[in-house]
Amino acid sequence: MSKTRDRLRLHQPVYLVSTFFLCAISSLCSDIILPGQSLSGNQTISSKNGVFELGFFTPGTSGRYYIGIWYKNQPIRTTVWVANRKHPIGNPFMAALKLYRYGTLVLLNESNSEIWSTNSSTVYPNATSVALLDTGNLVVTAHDVGLSNVIWESFDHPTNTWLPGGKVGYKKHKQEEQNLVPWRSLENPAPGRYSVQLDKNGSSHLLSWNGSKVFWSSGPWNGKFFSQVPEVQLDYYIKNMTYITTDEENYFTYEAAVNSTLTRFIIDVTGQLKQFVWPAGSKKWIWFWARPEEQCEVYAYCGTFTSCNRSKIQPCDCLKGFEPTNRKDWELEDHSDGCVRKSSLQCENGGRDAFYMLSDISFPDNQEAGPEGSFKECEVACFQNCSCSAYAFENDACTVWKGDLLNLQQLSDGSGKSLYIRLAVKDIAATENTTIRIGKGKQKQWRIIVIGSVAAFLFLAGFMYLVMLRWRKCSKEVLAGADLLLTVYKFSDLKTATKNFSEKLGEGAFGSVFKGALPNATLIAVKELKCLANRAEKQFRAEVSTIGTIRHVNLVRLHGFCAEATKRYLVYEFVCNGSLNTILFRNTSHLLDWKARYHIAIGVAKGLTYLHEECRDRIVHCDIKPENILLDGDFNAKIADFGLAKLIDCGYSRAWTTFRGTKGYLAPEWISGEPITPKADVFSYGMLLLEMISGRRNSETADNELDHYFPKRVLDAIRREDSEVSTLLDDRLEGSADLQQLVRACRVSCWCIQDDEKDRPTMGKVVQILEGFSDIGIPPVPRFIQCLSSSTQDKSREALLTSSELGLSSSS
């Protein structure tokens, strides 16, 4: 608050009198509210430079009105603060935001009753004003003789958004928490069930549910970054993240690092803490960062009696026999009320209930140990206790759940378990596999029902068998167009081959990779696709239809796939030396010498040349990085992970894509939102080649010392003398490298990372240069590198961001 107060220490008597005079003509100035004035209907006030605006708004089609602050000049309104979250207004023309004589800002509803207030006051009447600052901070200022003091500010009372200069913390004496709390739904700003808060016993940011259940922590602050979020120090959109502690309050604040780029943190309706950015020239917000990364990792996101399925676009489903408590809220992504039973249970009335088996499920919370014994004894124990909602029997142990079931996940990786949930009999179809509790005097009736059920089950089983035959036939027809040599694997065969997926080789954004062995002892790598349904389907189709027909020594070969129900697995050749990053960046017993690195660089270039220029359909990989370069026994490079590839038809020169790639290797066109071409892979290759030269992440070399940023050092060296490039080599190689090859590698890498894609060479040209069949001149200095020698760090950061977010390398 002190910074805000310092900015507002003006000679206010003259200012205030002149303001009163100028505003006397109209009821409201455009940027200030004075005592006795009010704001109603469609009236608004704006910040001095027109960045933010305050007024009444209605979210979506809700018909409810709120006082809020939003970015003024954006095509889609983005609200950053709401006053009356719990008390909407029906008619804004009958309501008013009014400043009282003694400095209290209040919101009056249609009945002229106060529904929100700042509870601020001053000694002198008519000596206050309300202004909206360009930071998005709404302030009530008291104008004493010669000084101005902020007596209330919205930054002390955040809602769901944390703006630069804002606070997340708590006031000690007032015992007020400055938490971020999401909207209840997309059309309801009422407080949701999640919150981002400051750990009162430390310096961590905590994500909690219902204010009690903590499900994510940033880890403690060490003065530079949070232990569990180290990438915050490499976030070039922000600077001066600071933890401030005084006798009155503890809080975190930060500043925007790039004047031309808007940035904000929010806790979304999804329960995730997200960072969005709006670069200069962009037409929309770009989702930059989120924690937790997976939606289903958000505790109880789907509510009670639901399951969360990370492989679906809309991950929440009601359990069998349940329906959304409020369907309209459910459709607006407000799942907080969860689901309710379609039919009431009859157990407590002496009637009968049944149990339905959920398979491939993670167990809900609040489990209790059941009686020791067999599965049947576990089942009977739950039957006899009407408060028992579900039971399970795993590893010879009985587990039961009472009351609401919360935080279930539907799994597709084979690690799920079976859970039996209690339902009303009428909610279970006769063909389902159920266990039925029979009420007294009803046994004969239920014998008939069970016999009918068995008959119906046999009929359905026969029908499903015919459907499966048809499905398999269709599947084979689809594959025939791709590659007759691809093998269709059963899920049970893959479980056997991978020993129940016990040996994990790695994990990326779309799933884990497991080592396995076929019956003929052939080693394989099995890639699980656990991503959202539409993305998983895109990845599945892309890989099967493209990699299945591709044969090149520098590309990982696809043997086959598995597609049973929702399960999606791809089966690749096993590449024994793992990924390049594990050898290049880590302290391993094997150090790649320069000859091996140069050989790998040429191999990657040849693989990309094949994808870009020699395939029937040109393929843009979109995620070239060390993690996706595998090495075989002879350290030949093999490009992996085509799940992010975007096909470009021969008749078109460009293709749009929604994938953001991996930070640290992104070409400028990814950030600007322009269409993506093969030249985006060229840029990523250039960044990869620079890391192979230095043996370090480019982001590591930029740590708070932008002059030491490795691409800048390379450009400086090759523009002076060729002999200087030897100083750029990985220290572990002790200068042992072919100087001509090193010069070629440095020059070609710097040509690859040019701002304009037209200035970048093709990958075919890169191969010719590296193999010595073509010469290459000294490259120009890209614009983002030029700005690194600017006198201000802001300009340096802006240049980096505008180019490619180079400072945020990722290993996922």
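1. Basis. In this predicted model, local features need pLDDT of at least 70 and side-chain atom pairs count only at pLDDT 80 or more, while totals for chains, interfaces and linings use all residues. Residues are numbered from 1 along each chain as its sequence is written, and side-chain values use heavy atoms, with hydrogens and water left out.

2. Aromatic pairs. Rings of Phe, Tyr and Trp (its six-membered ring) are paired if their centres lie within 6.5 Å; planes under 30 degrees apart count as stacked, over 60 as edge-to-face and the rest as tilted. The count by this rule is 33 aromatic pairs. One of them is formed by Trp81 and Trp116, edge-to-face, with 5.9 Å centre to centre and 75° between the planes. Trp81 belongs to strand β6 (residues 79–82) and Trp116 to strand β9 (residues 114–117), so this pair ties together parts that are 35 residues apart in sequence. Helices (H or I, at least four residues) and strands (E, at least two) are DSSP runs, numbered from the N terminus.

3. Burial of the tryptophan pair. Buried means under 20% relative accessible area, exposed over 50%, and partly exposed in between (1.4 Å probe, protein chains only). Trp81 is buried at 5% relative accessibility, and Trp116 is buried with a relative accessible area of 15%.

4. Strands pair if DSSP finds at least two bridges between them; β8 (residues 105–108) and β9 run antiparallel and are joined by 3 bridges. Leu107 has Trp116 of β9 as its bridge partner. β8 and β9 form a hairpin with 5 residues between them, and Asn112 in the turn has a positive phi of about 65°.

5. Other aromatic contacts. One aromatic cluster is formed by Phe355, Phe375, Phe383, Tyr391, Phe393 and Tyr420. A charge sits over a ring if NZ of Lys or CZ of Arg is within 6 Å of the ring centre and within 35 degrees of the ring normal. The charged end of Lys167 sits over the ring of Tyr251, 4.8 Å from its centre, and Arg264 lies over the face of Trp285, at 4.2 Å from the ring centre.

6. On a 1 Å grid over the protein atoms alone, a cavity is a set of points where a 1.4 Å probe fits but cannot get out, and lining residues have an atom within 4 Å of a point. A volume is the space filled by probe spheres set on the points, which are joined across faces, edges and corners. The structure holds 4 cavities of 30 Å³ or more, and the largest cavity has a volume of about 80 Å³. Its lining includes Trp81 and Lys167. β6 and β13 (161–162) are the elements that give two or more residues to this lining.

7. Second largest cavity. This cavity holds about 50 Å³ of space. Among its lining residues are Cys296, Cys302 and Cys308.

8. Buried segments. Leu555, in the loop between α7 (533–546) and β41 (558–564), is buried at 3% relative accessibility. The C-alpha atoms of Leu555 and Leu630 are separated by 9.0 Å, although these residues are 75 residues apart along the chain. In helix α12 (residues 710–718), 7 of the 9 residues are buried, so the helix is largely enclosed by the rest of the structure. The buried residues of α12 include Phe710, Lys712 and Ile718.

Key. 1 Å grid on protein atoms, 1.4 Å probe; cavity = no way out; pocket = protein on both sides within 12 Å on 5 of 7 lines; lining within 4 Å.
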